Amino acid sequence: MIYQIGIKKIGIALTLALVMISCNNKEKKTDTVETQKSVAIEKPSADKKLKIEDYFSGPNYMRYMVSENNQLVLTDKQETAFATWRTENHPKIEAKMKQIDGINSEIKSLSKEQASSEKILQKLDATNKLRLEIAEIKIQCRDHILEQLDDKQWNTLVEDYKKGYPFKEREEMMVLISHVNPLPNYMQTINDNTTNFKISEEQQKALGNWSSENHPKMMQMAQQIQNLEKEIYQASLNKEPKAGIFKKVNEIGKIRVNVVSKKTNCRDLVIKTLSPEQWNLLIKKS
């Protein structure tokens, strides 16, 4: 009798254990499903080569100063002064560019996660401040060079720099719009995948109407930014004061805010127009 009771107790314990294991497995599966629903966080590539012209359009004078082909006939004192400056300040600029790149990746993720415009613009404001800090260092670099060079050397620098490193305009539409804002280009992705996304005629009409009205405005703002960047490039070579260059950098920042605001409005329209399944497919391809 005692033996039978013992067997029953063991049987009950095993049953309870199996039930608990089954429940734990269900919980794990549920957690996995929930995790898959979240948007993958954008991460900047660790080995990505950052270009200074993507963060400040003024001349990168030190690139010429340290070049073996420069025509300046620098004295030992001048070479030492420039080498010291570069050693002290180049890492600062590199660090700020990496910060901007990281925040831009966060902005892209926030857009896909349907974050509010306010939250996205807060991040953008942080990148605009970092761009100003980079501009400050680059203008200080220009002024430092002006102090060290004589007039003949400076004129040689300007002429050689314009020939060797002219301002390059971004002529391709997609390249330019990607340069002026970090958000995904949802409309372009939809247009490239209309069949895969199974876009209906009604959806095409709604998206097309928005694009017809706002795309020209977007490209106009992008071109305004590029024009200002070209002005900054020339203003630096013309030895214009920091205040004037800073004003142009600030103006670019304001236009960038308008671009990102409009792009976020575009995203909100896309979310409203597409089905949840279409949206999920879109963010995977964006």
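**Contacts and packing**

Modeller: Among contacts in the chain between residues at least 6 apart in sequence, 82% join residues at least 24 apart, a contact being heavy atoms within 4.5 Å. Keep in mind that this is a predicted model, where local features need pLDDT of at least 70 and side-chain atom pairs count only at pLDDT 80 or more, while totals for chains, interfaces and linings use all residues. Residues are numbered from 1 along each chain as its sequence is written, and side-chain values use heavy atoms, with hydrogens and water left out.

Biologist: How many helices and strands are there in the chain?

Modeller: The chain has 11 helices and 0 strands. Those are DSSP runs numbered from the N terminus, with helices being H or I of at least four residues and strands E of at least two.

Biologist: What percentage of the residues is buried?

Modeller: Buried residues account for 40% of the 286 in the chain. Buried means under 20% relative accessible area, exposed over 50%, and partly exposed in between, with a 1.4 Å probe and protein chains only.

Biologist: And which residues have the most contacts inside the largest nonpolar core?

Modeller: Ile134, Ile190, Val270 and Leu282 do, in a core of 50 residues. A nonpolar core here is a set of buried Ala, Val, Leu, Ile, Met, Phe, Trp, Tyr and Cys residues joined through side-chain atoms within 4.5 Å. Two or more residues each come from helices H3 (76-112), H4 (117-148), H6, H7 (186-192), H9, H10 and H11 (276-285). The largest share, 10 residues, is from H9.

Biologist: What does Leu282 touch, leaving out residues up to four places away in sequence?

Modeller: Leu282 touches Tyr186, Thr189, Ile190, Phe197, Val270 and Leu274. Apart from that core there is another one, of 18 residues, including Leu72, Phe82, Leu157 and Tyr161.

Biologist: Switching to rings. How many aromatic pairs does a search of the whole structure find?

Modeller: The search turns up 6. Rings of Phe, Tyr and Trp (its six-membered ring) pair if their centres lie within 6.5 Å; planes under 30 degrees apart count as stacked, over 60 as edge-to-face and the rest as tilted. One of the pairs is Tyr161 with Tyr165, tilted, at 4.9 Å centre to centre and 45° between the planes.

Biologist: Which residues form the aromatic cluster?

Modeller: Tyr61, Trp154, Tyr161, Tyr165, Phe167 and Tyr233 form one cluster.

Biologist: What lies over the face of Tyr165?

Modeller: Arg63 does, 4.2 Å from the ring centre. The rule for a charge over a ring is NZ of Lys or CZ of Arg within 6 Å of the ring centre and within 35 degrees of the ring normal. Lys242 has its charged end over the ring of Phe246, 5.7 Å from the centre.

Biologist: OK, salt bridges. What's the count?

Modeller: The count is 11, taking a side-chain nitrogen of Lys or Arg within 4 Å of a carboxyl oxygen of Asp or Glu. Lys123 bridges to Glu106, with the closest N and O atoms 2.7 Å apart. Lys123 is in H4 and Glu106 in H3, so they tie together parts 17 residues apart in sequence.

Biologist: Where are Lys230 and Glu169?

Modeller: Their side chains meet in a salt bridge at 3.1 Å, N to O. Lys230 is in H9 and Glu169 in the loop between H5 and H6, 61 residues apart.

Biologist: Last topic: what's phi at Lys198?

Modeller: Near 55°, a positive value in a residue other than glycine. Most residues other than glycine have a negative phi. Lys198 lies in the loop between helix H8 (194-197) and H9, and is exposed, with a relative accessible area of 69%. Lys239 also has a positive phi, about 65°, and lies in the loop between H9 and helix H10 (242-273).
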